[in-house]
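Subject: Structure handover

Hi,

Here is the structure I promised, with my notes below it. Please read them with the model open.

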Amino acid sequence: MAGERNLWNTMRTHMKPLGVVERVENSAGAGTPDVTYCLAGVSGWVELKALDDWPVRPATTISIPKLKKEQVEWLSRWHKAGGRAYMLLQVQRQYVLLDPMTTRDVYERTLVKEALLQRALLTHTGNFPTLRLAHLLTSQESRGA
C-alpha cells in the first residue's frame, strides 16, 4: 500500500538520526512487523498501517483491510513475552500509536474512532511526532503490564 510505504519513508527520515530503524522484509515469519528499532538502548517492533480517511459516521467501527490476524497475533505474543510491539497508524496527517490489545480490537472491528483515539498511546495531527514517538517507544510507561 502506497500509504504504508510513505509512512515508512517518513518514519525512517525522522527517526534514523535517533538510533536504528530498519524495515523488515520477512517472508519466513508470518506476521512479522514492518519495522524494528533500537533507540536509546531500547529495541522493539512497529507494524505500519495507513488509512485514507476515518469513517464518516461516528458509529462506524474502524476497519483496516490490510491488518492480518497473523500480525495481530505476532504483536500480542511479543508483548506478552515482555517485548515492545506497537502499531503506528496514519490517517491523512494524523498519527496514532496503538498497543497490541487495542490493535486486536481494531482487527476484530470493535472500536469506533473516538474509542480508538481514547485508547491510543499517542495521537498527533500535523508533522511527524519524532520526539514524542521516540519517547513512547522507549519509555517504561508505554510498555504496559
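Glutamate 47 lies in strand E3, residues 42-51. Helices (H or I, at least four residues) and strands (E, at least two) are DSSP runs, numbered from the N terminus. This is a predicted model, so to say: local features need pLDDT of at least 70, side-chain atom pairs count only at pLDDT 80 or more, and totals for chains, interfaces and linings use all residues. Residues are numbered from 1 along each chain as its sequence is written, and side-chain values use heavy atoms, with hydrogens and water left out.

**Strand E3**

Glutamate 47 counts as buried, at 1% relative accessibility. Buried means under 20% relative accessible area, exposed over 50%, and partly exposed in between (1.4 Å probe, protein chains only). Lysine 49 also lies in E3. Lysine 49 counts as buried too, at 2% relative accessibility. The side chains of glutamate 47 and lysine 49 make a polar contact at 3.4 Å. A polar contact is a pair of N or O atoms within 3.5 Å; within protein, one must be able to donate a hydrogen and the other to accept it, and residues adjacent in sequence count only if both atoms are side-chain atoms.

What else does glutamate 47 touch, not counting residues up to four places away in sequence? The list is Thr32, Pro33, Asp34, Gln71, Leu75, Tyr86, Met87 and Leu88. Contact means heavy atoms within 4.5 Å. With neighbours within four places set aside, lysine 49 is in contact with Glu4, Leu7, Ile64, Lys66, Leu67, Gln71, Met87, Leu88, Leu89 and Gln90.

**Glutamate 4**

Glutamate 4 sits in helix H1, residues 2-15. Glutamate 4 is buried, with a relative accessible area of 9%. Leaving aside neighbours within four places in sequence, glutamate 4 is in contact with Leu48, Lys49, Ala50 and Lys66.

Glutamate 70 lies in helix H2, residues 69-80. Glutamate 70 is partly exposed, at 39% relative accessible area. Not counting residues up to four places away, glutamate 70 touches Ala30 and Gly31. Its C-alpha atom is separated by 6.0 Å from that of alanine 30, 40 residues apart along the chain.

How do H2 and helix H3 (residues 100-107) cross? Their axes come within 9 Å and cross at roughly 160 degrees. Axes are lines fitted to C-alpha atoms, for helices over the stretch in contact, and angles run from 0 to 180 degrees between N-to-C directions. H2 and H3 are therefore roughly antiparallel. Angles under 35 degrees count as roughly parallel, over 145 as roughly antiparallel, 65 to 115 as roughly perpendicular and the rest as oblique.

From H2, Lys69, Val72, Glu73, Leu75, Ser76 and His79 meet Pro100, Met101, Thr103, Arg104 and Tyr107 of H3. By class, this contact has five nonpolar, three polar and three charged residues. Ala, Val, Leu, Ile, Met, Phe, Trp, Tyr, Cys and Pro count as nonpolar, Asp, Glu, Lys and Arg as charged, and the others, Gly among them, as polar.

**Around H3**

The buried residues of H3 are Pro100, Thr102, Thr103, Asp105 and Val106. They pack against H2, strand E4 (85-91), strand E5 (94-98) and helix H4 (113-119). Aspartate 99 caps the N-terminal end of H3, with a side-chain oxygen 3.0 Å from the backbone nitrogen of methionine 101.

Leucine 111 is in the loop between H3 and H4. Leucine 111 counts as buried, at 7% relative accessibility. Its contacts beyond four places in sequence are Thr61, Ile62, Thr102, Asp105, Val106, Leu116 and Arg119. Leucine 111 and threonine 61 are 5.2 Å apart, C-alpha to C-alpha, and 50 residues apart in sequence.

**Positive phi**

Most residues other than glycine have a negative phi. Where are the positive values? Alanine 40 is at about 50 degrees. Alanine 40 is in the loop between strand E2 (35-39) and E3, and is exposed at 74% relative accessible area. Glutamine 92 has a phi near 55 degrees, in the loop between E4 and E5.

Best wishes
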